[in-house]
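The tour goes from the whole chain to a single residue.

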Amino acid sequence: MSDSRTGGADVRSVPTSAILTAALALTPAEPEHFDLAFTATTQPCPWPKAYGGDMVAQAAAAAMRSVEGKTLHSTHSYFLRPVDIGAEVRYEVELLRDGRGYATRQVRGFQNGKPVYTCLANFAAGEPGATFAAEPPAGVPDPAELPGSAAYLRDTTAPRGTMTPQSEEYWSGGRGFDMRHVPGPVYLTVEGERVPQQAVWVRPFDALRPVDGLTGEQRDLAALAYVCDYTILEPVLRVLDLSWAQPGVVTASLDHSMWFHRPGPMDEWLLYAQEAVAADSGRGLAVGRFFTASGTHVATVAQEGLIRSS
């Protein structure tokens, strides 16, 4: 595989994974409601409110900083209110259970005096057992054969719809990760077939930096939680023939679950295979699976989101 980290990107700023590091930077605080507290800042984006993956990853990091000797294996979340961009969120951690094999935490995010996000996180010490893993989809092109977001947006002649220069720059290189779509992106129009499946190769633009308070393995788990929310609703958009920049399209994350099965190398390409499960009553549900380039299944995601079009 090619090791080019920009894929011919033509963006106004150098793409970097430091966006992720900044999102995961937690500051300890005095708890007001539960047992432990941290503050974190949401990262810039060109939308009215903050990116949901900020909250998923920051809450996961807060929960991981409260547990020793066990590994995060699942999170289950609800997005309660829109969150301000570039503003502080306070994460309060409740120590629900510490057992010999498992531990459970509740994390609640507060902003402007109101709860904006909540999740349960479970941890396992691990034990010997039988092994099974899902298989990756067959016939997916190598990421070196696919355009990155910047190259696609630079070269496409599709109508720009609601895309602004700020959103084009963000899609091109402002998210911390290189993303390459199969069969094609849904930024401006639905590239490829109107089917309920797609895949996205993802890799940080550069090597992930250390994060204070987290081990390398914990940082990688938080990085998976961070990047998973960017594209998980796209197979629903694809099958409904909707694009992000189509006038009248509005989306928002409602709830989210994630399971971490085994370690994976976050500094290398991961294949994010996604499928739409249902769409009705203004909501859409999708599932996704992360695989290493060699085909190892490392994590599974399910998310429901609000999807409106007019």
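What percentage of the 310 residues in the protein chain do buried residues make up? Buried residues make up 51% of them, where buried means under 20% relative accessible area, exposed over 50% and partly exposed in between, with a 1.4 Å probe and protein chains only.

This is a predicted model: local features need pLDDT of at least 70, side-chain atom pairs count only at pLDDT 80 or more, and totals for chains, interfaces and linings use all residues. Residues are numbered from 1 along each chain as its sequence is written, and side-chain values use heavy atoms, with hydrogens and water left out.

**Whole chain.** Switch to C-alpha atoms: they fill a box of roughly 55 × 45 × 40 Å along the principal axes.

**Contacts.** Contact means heavy atoms within 4.5 Å. Of the chain's contacts with a separation of 6 or more, 74% are between residues 24 or more positions apart.

**Thr-39.** Now select residues 36–41, which form strand S2. Thr-39 lies in this strand. Thr-39 is buried, at a relative accessible area of 11%. Next, show its contacts, leaving aside neighbours within four places in sequence: Ala-25, Leu-26, Thr-27, Ala-29, Glu-88, Val-89 and Arg-90.

Terms used:
Helices (H or I, at least four residues) and strands (E, at least two) are DSSP runs, numbered from the N terminus.
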